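Reader: I'm new to this. Could you walk me through how to read a protein model?

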Amino acid sequence: MLDMRYVRENTDAVRENIANRGVSVDLDALLELDAGRLVLLKEAETLRKERNEVADAMKSASKEERPGLIERGKKLKEDVVAKEKDLEIVEKGWREEALKLPNMTHPDTPVGKTDNDNRVIDTVGEIRKLENPRSHVELAQMHDLIDFERAAKVTGAKFYFLKGKLAILEQAMLTWAIREMAAEGYLPMTTPDLARDEVLVGVGFNPRGPEAQIYSVEGTDLSLIGTSEITLGGYHKDEILDEASLPIKFAGISHCYRTEAGAYGRESYGLYRVHQFSKVEMFVFCTPEQSEAIHMELRRLEERMFQKLEIPYQVVDICTGDLGGPAYRKFDLEAWMWGRGEGKGGYGEVTSTSNCTDYQARRLNVRLRRKDGTLDYAHTLNGTAISLARALIAVLENHQNEDGSINVPDVLRPYTGFDKIG
RNA sequence: GGAGAGGUGGCUGAGUGGUCUAAAGCAGCAGACUUGAAAUCUGCCGUAUCCAAAAGGUACCGUGAGUUCGAAUCUCACCCUCUCCGCCA
């Protein structure tokens, strides 16, 4: 959500931003609705004022005056109801359109249309030389680590059972990641896996409807979360945070559920695009002054996780056309995966960090009280500490040996209790 | 799941149809007194929105609908909290 006053006063900048992001928002229609809304609002308020005056006059009215005042009051009540109905209709359209407005964009964000326009800003780590690199699916088959077929029988396509040492490896990575985050001052939080639709919308997700990537629970206003960004963002909904308490840093542990409608194909192979996975997510509430530096910190922490896992990756500055609505700027980490690029290997997204500035905070109504007593909206940021499924792919494929055995990265060995698979 | 009680400003808490633009206390801010602090005294002290600003208007007492000339107050539904019972890892 953008500040409507800002939109009114900076229409050119907003228009350019909409164009850069390739979002379908009709700004002119929105501005027209906005102007119409203000007129109706004014009219409704005038009527309500008269109604209040009549009610006020009743208090001291004589017996003779009363019937006349009651008549006026009845008439005004009808007028108010009618005017409010008009206002409600305009406001509904206005709100729908206003919610579609994406966040403004960081000046350094590359302008572009698709992920081909994303800018690689760093490449780190060395890709191991392998004669016969195997995909994680092949490796899993060799060691009986994943059962997709039975998961399909039990639940459906794009679900999986992790077996044996891979199940242990997953838990090891979760525990390791949580401890890493705690050591950095991020408060570990196990969150609900479901949230109210209201919260989903506040964080910027679309819980229902044809475009939705979210599972919703029939007969309730609950949806399965696609990331704990949702529950952590909702955590301080409708609250006023004390400036001195910021930044507030969380490391959320949750399962993540995504419908991934229509996302089948080569790039969705194996564990890469699945309907359920576990994730440790960093989430930060901070002041507007802090958010830029914290975004860099989140990126640095994400990079460090993959450095410690000894997995080569590249950092990508996401272009305007590929940014989600709430993000002001977004970096992705793409790890090397041998199973991509038709067996030759390629980079695949493993983490992502966004600075959402005050966009989510406005929708969630999260404010901060300055030391001088004034109020402002907080800034929110999120970043992936570790996302299982994809991180497992990266570990399996990068730490495989020529014989198909897989070394456990050093940092995980204390948590797995074994050094090698196979 | 059943029965009961309850949700009011940053906090505690009064208020059951019209001076509620919500009592009082605590906390906070400014000032007085004081060498300084405490105590005491005085004043200020919710949010959003409209207006260039001020003045002012409108809305908000868990949420939503309703009754009424008029709703924090009455009615209904929902959400949440607490107590007890049942069930249960």
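**Reading chain A**

Chain A exposes about 20200 Å², and carbon and sulfur atoms supply 50% of it; accessible areas come from the Shrake-Rupley method with a 1.4 Å probe, and for residues only the protein chains shown count as cover.

Author: First, a caution: this is a predicted model, where local features need pLDDT of at least 70, side-chain atom pairs count only at pLDDT 80 or more, and totals for chains, interfaces and linings use all residues. Residues are numbered from 1 along each chain as its sequence is written, chains are lettered from A and ligands numbered from 1 in the order in which they are written, and side-chain values use heavy atoms, leaving out hydrogens and water.

Reader: What share of the residues in chain A is buried?

Author: Buried means under 20% relative accessible area (1.4 Å probe, protein chains only). Here, that describes 50% of the 422 residues.

Reader: How many helices and strands are in chain A?

Author: Both are DSSP runs, numbered from the N terminus: helices are H or I with at least four residues, strands E with at least two. Chain A has 13 helices and 17 strands.

Reader: In what order do the strands of the open sheet come?

Author: Strands pair if DSSP finds at least two bridges between them. The order is β7-β13-β14, 3 strands with mixed pairing. β7 (240-242) and β14 (375-377) are the edge strands, each pairing on one side only.

Reader: Which strand do 3 bridges join to β7?

Author: That's β13 (residues 367-369), and the two run parallel. Look for Leu241, whose bridge partner in β13 is Leu368.
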